[in-house]
Amino acid sequence: EYSFGADSLVTEKEENDFGYELALRAHMLRIFLWIIRYWHKQAGAPQLATSNPNTAAILCRAREYVEANYATVTLTDVARECGLSYGYFSRMFNTYMKVSFNDYVNQVRVNESMKLLATTDMSITEIALAMGFSTTSYYIQVFKKLKSISPNKFRKQFRSNQLPQGN
């Protein structure tokens, strides 16, 4: 668990001592570092189960495409991007990524949504739709399945600095 020490931020600002602006910036950088490390742990990029460089290159290209287009991406889009048929790409993805394409896209969407939950006041519905989920209830269901916590509870815990280190 990481304590952000919001009290020290407020104290620095209220006292306006020489160099307080620098102290505030340094503290904010520590917070951003923690957020970046937390998101990195959450992302947990899957390992490719292949030693074939051509297959690895195709799957890396597919992952990059998904990460750039997660809100609207379809398996057809990625198969076309990789120059493969829908069926062949689907089988390849499942075999080597050890996760279905839809499950992978949902992982990316949930991980991206965590950034919005932590940094914006967007509603859960707005975030769900921005991430490409068709309904808020499906987004909440997927989020809970992957993170063992609801999006709303995640936001509240994040803002109250009570997130466990390992999650």
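A search of the whole structure, a predicted model, finds 0 disulfides. The protein chain has 167 residues, of which 37% count as buried. Its secondary structure consists of 9 helices and 0 strands.

**Cysteines**

- A disulfide is a covalent bond between the sulfur atoms of two cysteines.
- The search for such pairs, run over the whole structure, comes to 0.
- Cys60 is partly exposed, at a relative accessible area of 32%.
- Cys82 has a relative accessibility of 9% and counts as buried, because the cut-off for buried is under 20%.

**Overall fold and surface**

- Read from the N terminus, the order of elements is α-α-α-α-α-α-α-α-α.
- Among contacts between residues at least 6 apart in sequence, 56% join residues that are at least 24 apart.
- The chain exposes about 10000 Å², and carbon and sulfur atoms supply 53% of that area.

**Nonpolar core**

- In soluble globular proteins, nonpolar side chains tend to be buried together.
- The largest nonpolar core in this model has 35 residues.
- The residues with the most contacts inside this core are Val66, Val78, Phe89, Phe93, Phe101, Tyr139 and Phe143.
- Two or more residues each come from helix 3, helix 4 (75-82), helix 5 (86-97), helix 6, helix 7, helix 8 and helix 9.
- Helix 6 gives the most to the core, with 9 residues.

**Phe101 and Val66**

- Phe101 is found in helix 6 and is buried, with a relative accessible area of 4%.
- Leaving aside neighbours within four places in sequence, Phe101 is in contact with Val66, Val73, Thr74, Leu75, Val78, Phe89, Phe93 and Asn94.
- Val66 is found in helix 3 (residues 53-69) and counts as buried at 0% relative accessibility.
- With the neighbours within four places in sequence again left out, the contacts of Val66 are Val73, Val78, Phe101, Tyr104, Val105 and Val108.
- Phe101 and Val66 are 35 residues apart along the chain, and their C-alpha atoms are separated by 9.7 Å.
- Val66 and Val78 are 12 residues apart along the chain, with a C-alpha separation of 7.4 Å.

**Helix 7**

- In helix 7 (residues 124-131), the buried residues are Ile124, Ile127, Ala128 and Met131.
- These residues cover an arc of only 100° around the axis, which puts them on the same side of helix 7.
- The cover over the buried residues of helix 7 includes helix 6 (101-119), helix 8 (136-147) and helix 9 (151-159).

**Salt bridges**

- The count of salt bridges comes to 3.
- Asp121 and Arg159 meet through their side chains in a salt bridge, at 3.1 Å from N to O.
- Asp121 lies in the loop between helix 6 and helix 7 and Arg159 in helix 9, so this pair ties together parts that are 38 residues apart in sequence.
- Asp121 counts as exposed at 69% relative accessibility, whereas Arg159 is partly exposed, with a relative accessible area of 41%.
- Arg80 forms a salt bridge with Asp77, and the closest N and O atoms are 3.7 Å apart.
- Arg80 and Asp77 are separated by about one helical turn because they are 3 residues apart in helix 4.
- Arg80 counts as exposed at 57% relative accessibility, and Asp77 is partly exposed, with a relative accessible area of 22%.
- Glu112 forms a salt bridge with Lys115, with the closest N and O atoms 3.1 Å apart.
- Both Glu112 and Lys115 lie in helix 6, 3 residues apart, which is about one turn of the helix.
- Glu112 counts as partly exposed at 22% relative accessibility, and Lys115 counts as partly exposed at 29%.

Key
Residues are numbered from 1 along each chain as its sequence is written. This is a predicted model: local features need pLDDT of at least 70, side-chain atom pairs count only at pLDDT 80 or more; totals for chains, interfaces and linings use all residues. Side-chain values use heavy atoms; hydrogens and water are left out. Buried means under 20% relative accessible area, exposed over 50%, partly exposed in between (1.4 Å probe, protein chains only). Helices (H or I, at least four residues) and strands (E, at least two) are DSSP runs, numbered from the N terminus. The arc is that of the directions from the helix axis to the C-beta atoms. Contact means heavy atoms within 4.5 Å. Accessible areas come from the Shrake-Rupley method with a 1.4 Å probe; for residues, only the protein chains shown count as cover. A disulfide is a pair of cysteine sulfur atoms within 2.5 Å. A nonpolar core is a set of buried Ala, Val, Leu, Ile, Met, Phe, Trp, Tyr and Cys residues joined through side-chain atoms within 4.5 Å. A salt bridge is a side-chain nitrogen of Lys or Arg within 4 Å of a carboxyl oxygen of Asp or Glu.
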